[in-house]
Structure formats: structure tokens, C-alpha cells
Amino acid sequence: MQNAFNLSGQRILITGAGGTLGGATVRACAMLGAEVVLADLDAPEKIASELSAQGRSVSFHALDNTSRSQVDAFVASLGTIDAFADCSGIYSKGDWLADETWDALYERTIDVNVRGPINLMRAVMPAMMKRGHGRIALTTSLAARSAGTTLSVEPAYVASKGALQGLVHYFARQAASSGVVVNAVAPGPIETPMTLASGQPFDFAKLPTGRFGKPAEIGWPMAFLCSPGCTYMTGVVIDINGGLHFS
Ligand SMILES: NC(=O)c1ccc[n+]([C@@H]2O[C@H](COP(=O)([O-])OP(=O)(O)OC[C@H]3O[C@@H](n4cnc5c(N)ncnc54)[C@H](O)[C@@H]3O)[C@@H](O)[C@H]2O)c1
């Protein structure tokens, strides 16, 4: 019996790879033996150098997920990939009631957090379906379901992650009969610059575990979703929020 969590011989595309949760996903996949192809708005050179110095197999690229033509050309240039993990996204901050510029914020947030993953899925999923196998892991948020941890979460972000959560089920149903599985993680508050910069007034007494999650606590589940251990599970959004979904 083979170790189904071993990623040796697996080629995994990771977008948002220069970010905190992207970095954690990259490290977990690389540590399990994957060849990782990294992309982000700015080419994620730092994490690529870290992995290269460890002798791991890595390439890195600049990619704007909102540009359909750029995404199509990039994915077409890659050749075969076994799994795709999307960790890109933005957290929007603004006052939807009072802010004159809120509509532009809404459009940008939907563009990056919804159209971006759609562009990527449109480029990645059909080729996987044609080959008859593939694993895809997307990143939604606790905000998709519970409107976030605190009342200060902004509605453009909630709308974007809610849309993406619905799309996880859509993509999963489209791809299931072709042997491609599509799942996601929905992180709660993780100790990242995104969480800390959000300015949300976290009350640790109200967090069941009494602490933020750590980036690696997202990276390992993402690596599992990209592994041959994940083949009969699809359309699932894994809550990783230290128990917050109970409250
Ligand atoms: N940090 C948390 O606590 C938390 C909680 C719930 C959900 N999430 C979600 O997890 C994902 C990663 O979060 P993070 O904390 O690592 O944030 P991060 O800001 O560190 O990483 C996000 C990455 O997305 C990239 N990106 C932004 N716009 C892009 C574009 N147009 N094209 C390509 N890449 C683009 C950024 O350059 C960045 O590297 C996001 O989707 C976020 O909404 C994070």
C-alpha cells in the first residue's frame, strides 16, 4: 500500500504563493515531496529561493488572476499539473454605508476573489478533466458563512467569499464524473498580516481555542486536499477556525 500523503512525483500549481497562507501551503507540499509551480501578482521569488536552497523542485512566475488572457497563456505554458491550490485573495476594508468609493472597492474585491479563481479554474479544470484526474483546493473564509469573526467585517469580502464557497460546489459537481475533485478550506482568524491589518477587535475569550490559528494549520490541510489521499471527497469546504463554527 502506497503512502497517499506522499507528494513525490506530483506537480502542484500554487497561486497566491507569495502570501502567508500560500507560503504555508507551498512549504507543506514541498516538504511532502511535490514539485511546486508558484505564482503571485509579483513573482514569489523569496519563497522560491527558500525552497531552492533546500534542494526542492520549484519555479516561480508573476500572474494577475484578474486577467483571463494572462491566466490562459500561463496555464497553457505549464503542461501537466496534478493539483492546483489557490491561496490568492484580498481583504477589503471600507464603509459600505458612508464611503463614496465603496463601489470601486466592491468591484475590485469581487474581481480578485471571485473572477480570479474563475479564470484559474477555467484554465486548469478542463485539462484535468480530459486527463481524468486532478485535485483542486480553493480558499474561502469563515466570513462566507458566518460573516466573519467580528462585526467589523466588510460586506464586499463577505460577498466574495460567499460566492466562492458556492462555486466550490459548482466546480465539484461539474468535474466529479471526470475524476477531478474540488474542495476548499475556510480559515477563521489565522495569525497573518491580513488578520492583524484588518483592525478587527478580536476578543480571545470568545475564540473557543483562545488563540489565532497558525499559517501551517492551513498549509497542511491544503496539502492534504492536493494529495492522492483526497480522491473520494469533493465539494467540501473544510472549516479551520479553532471551533468558531460552534458559536
Ligand atoms: N489570513 C486569514 O486569517 C484568512 C482568513 C480567512 C480567509 N483567508 C483567505 O486566505 C487567502 C490567503 O490569505 P493570506 O492571509 O495568505 O493573505 P496574503 O495577503 O498574505 O496573501 C494573498 C496573496 O494573494 C495575492 N494576490 C492579490 N491579488 C492578486 C491578483 N490579482 N492576482 C494574483 N494574486 C493576487 C497577493 O499578492 C498575496 O500574495 C485569501 O484568499 C484570504 O481571503 C485568510
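## Where H3 touches H4

Let's start with the residues that touch. In this predicted model, helix H3 brings Arg 68, Val 71, Asp 72 and Val 75 to the contact.

## How H3 and H4 line up

Now look at the helices themselves. H3 covers residues 68–78, and H4 covers residues 102–131. Their axes come within 9 Å of each other and cross at roughly 30°. Angles under 35 degrees count as roughly parallel, so H3 is roughly parallel to H4. Which hand does the crossing of H3 and H4 have? It's right-handed.

## Over to H1 and H2

The other pair to find is H1, residues 20–31, and H2, residues 45–53. Here the axes come within 11 Å, with a crossing angle of roughly 20°. That angle is also under the 35 degrees cut-off, so H1 and H2 are roughly parallel to each other. The crossing of H1 and H2 is right-handed.

## Who meets whom between H1 and H2

Pick out Gly 23, Val 26, Arg 27 and Ala 30 on H1. They meet Ile 47, Glu 50 and Leu 51 on H2. How do the residues of this contact divide by class? Four are nonpolar, two are charged and one is polar.

Conventions
Residues numbered from 1 in each chain as written. Predicted model: local features only at pLDDT ≥ 70, side-chain atom pairs only at ≥ 80, totals over all residues. Heavy atoms only, no water. Axes fitted to C-alpha atoms, helices over the stretch in contact; angles between N-to-C directions. Helix = DSSP H or I, 4+ residues; strand = E, 2+ residues; numbered from the N terminus. Parallel < 35°, antiparallel > 145°, perpendicular 65-115°, else oblique. Left-handed = near helix turned anticlockwise from the far one by under 90°. Contact = heavy atoms within 4.5 Å. Nonpolar A, V, L, I, M, F, W, Y, C, P; charged D, E, K, R; others polar.
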